[in-house]
Amino acid sequence: MTDRSLDLLIDEVALGLADDADIARLDRMAQADPAIAARLDQARQRLLALDDTADALPLPEGFWSRLEARLDAEEATTPPAAPQPAQQNVVELSSIRNAMHRWRATAVAGMAAALMLGVMLAWVALSRPEPAVIAVLLNDAGEAIALVEGLPDNTTRITLLERQNVAADQVMQVWTKPEEDGPPVSLGLLSTGRSSTLTIDGLPTPRPQQLYEITFEPAGGSPTQLPTGPILGKGLAKEPVT
Amino acid sequence: MRDTAHRDPFCNPAQGCGLTPKPKATSSDGTAVASGCRETRADDVVTDHATWIKACAAGDKSALQALMTAEGGRMFGVAQRMLRRIDLAEDAVQDAFVLIWKRSHQFDPSRGSARGWVYTILRNRCLTMLRNEDRVQPIGPEAMESAINDQDLDTAFDRLDQTDDLRRCLERLDLQTRRAILSSYVLGHSHGEIAGRMAAPLGSVKSWVRRGLTKLRECLS
């Protein structure tokens with residue numbers, strides 16, 4: 001996609017003229033690329049003054065109670081975003097108590113995050129699992145461009161060996177052929193453009209001689225579920241000697 | 001020209017603009033009614049909206065209520081302008097607030113204004129209702145609809161501040177293109193609806209809009 005057509009896509013989404021597929025496409029692009037997200041937000045901001053031209057109309061009687069009832073119903077089915085004491089539903093909350101709730105919620109969330117980080121670090125340090133197979137992906141010129149480690153549970157660690165310049169409307173997609181004669185299967189996108197670990201369910205444990213490949217695909221991934229773009233590199237897996 | 005009622009009536013500096021300003025002037029069930037406060041600097045509004053959304057993410061319902069008091073009336077107006085029916089407009093605004101509540105933890109102030117975030121959620125909800133649901137039917141005969149629509153578009157344009165860049169740049173577009181762009185944003189019309197109302201081929205409408213958007217973007221940046 002050219003920059004010009006990206007601009008138009010952004011404008012049409014902000015204006016409300018884009019169809020669902022285009023909205024979803026831009027959404028994925030914006031999630032992968034903060035610069036695109038910023039452009040979309042800018043386009044929306046430019047039009048926001050038009051919302052202020054609508055009359056401010058009094059909300060219907062009972063609007064808040066109906067809304068609150070819906071929130072309570074939602075909460076009953078899904079866990080709340082942050083721990084809340086039971087008195088939350090009492091109408092006359094003092095502002096001090098409100099501040100306390102927020103402070104407590106923030107503190108609890110902070111402690112939980114710190115704890116989780118610690119656990120994750122320990123897990124990573126202690127139990128980096130052994131790969132079942134390793135493949136070195138080579139480009140057409142025979143240069144190594146990525147190291148692929150396939151774990152028995154079909155977690156795939158991809159270490160890029162060269163920084164790639166990926167166009168704004170493209171993404172690197174990782175493929176493998178679990179069966180030698182079968183179709184290629186997508187393992188996922190390297191949407192940050194950096195080394196990454198991908199997980200996928202439902203594939204057999206990687207085997208020696210399994211083909212791995214990285215291609216450039218349109219942002220959001222190949223529309224056909226099969227590789228369409230130019231190949232960055234490919235390689236056959238081997239079992240590491242331990 | 002917009003009158004003072006179009007400004008955001010919120011946050012009296014004398015009463016403080018804390019983390020969760022107490023919703024003022026609410027009726028017994030908390031439904032917003034007019035507030036006496038008129039003088040609000042744009043910066044304050046931005047800050048308050050972001051603060052309320054963050055407080056929502058921490059589970060503070062009074063922050064959502066504060067947001068409703070400040071912004072609900074305008075949101076209701078935007079929804080009615082698009083959906084043309086009071087009952088559907090209320091549904092849309094209710095849905096929007098539920099989504100704001102549920103997605104509040106996703107809001108990232110570094111990625112855009114809080115008000116913009118709120119209105120994007122509302123507008124998307126209205127557009128989905130317009131596009132995907134059969135229940136949105138015009139309220140009257142087509143000719144009457146069309147006259148109301150044109151009037152809404154002109155009002156929207158007239159109410160843009162004289163100093164607003166958007167107004168200056170829209171003014172440079174020819175009338176047809178301006179109406180096409182305004183009717184998609186203000187009324188939520190699709191390419192097809194615009195073409196139908198203008199009795200113009202769909203392809204021409206699409207290219208007018210594209211050219212118009214390009215001009216608008218160049219003029220605004």
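Ala, Val, Leu, Ile, Met, Phe, Trp, Tyr, Cys and Pro count as nonpolar, Asp, Glu, Lys and Arg as charged, and the others, Gly among them, as polar.

I noted that this is a predicted model, in which local features need pLDDT of at least 70 and side-chain atom pairs count only at pLDDT 80 or more, while totals for chains, interfaces and linings use all residues. Residues are numbered from 1 along each chain as its sequence is written, and chains are lettered from A and ligands numbered from 1 in the order in which they are written.

I next looked up how the two helices cross. The axes of α2(B) and α4(B) (residues 114–132) come within 10 Å and cross at roughly 25°; axes are lines fitted to C-alpha atoms, for helices over the stretch in contact, and angles run from 0 to 180 degrees between N-to-C directions. The two helices are therefore roughly parallel to each other, a term for angles under 35 degrees. Helices (H or I, at least four residues) and strands (E, at least two) are DSSP runs, numbered from the N terminus.

I then checked confidence in chain B. Its pLDDT, the predictor's confidence in each residue from 0 to 100, averages 78, and 72% of the residues score at least 70. In chain B, confidence is highest in helix α2(B) (residues 61–83), at a mean of 95, and lowest in helix α1(B) (residues 42–57), at 75. Over residues 1–46 of chain B pLDDT stays under 50. Where pLDDT is low, the predicted coordinates should not be read in detail.

I turned to the strands of chain A, where two strands pair if DSSP finds at least two bridges between them. Strands β1(A) (residues 133–138) and β2(A) pair in the antiparallel sense over six bridges, with Ile134(A) opposite Glu149(A) in β2(A). Their hairpin has five residues between the strands, and Gly142(A) takes a positive phi near 85°.

I found β2(A) (residues 144–150) antiparallel to β3(A) (residues 155–160) over five bridges. Ala146(A) has Leu160(A) as its bridge partner, and Leu147(A) stands opposite Thr159(A). Four residues lie between β2(A) and β3(A) in their hairpin, and Asn154(A) in the turn has a positive phi of about 65°.

I followed β3(A) to β6(A) (residues 196–199), an antiparallel pair over four bridges, in which Thr155(A) stands opposite Thr199(A).

I finished with the contact between the chains, which takes 50 residues from chain A and 61 residues from chain B. On the side of chain A, the largest share, nine residues, comes from α4(A). That side divides into 25 nonpolar, eleven polar and 14 charged residues. I recorded the predictor's ipTM of 0.77 and pTM of 0.56 for the complex.

Methods:
Contact = placed C-beta atoms within 7 Å. Parallel < 35°, antiparallel > 145°, perpendicular 65-115°, else oblique.
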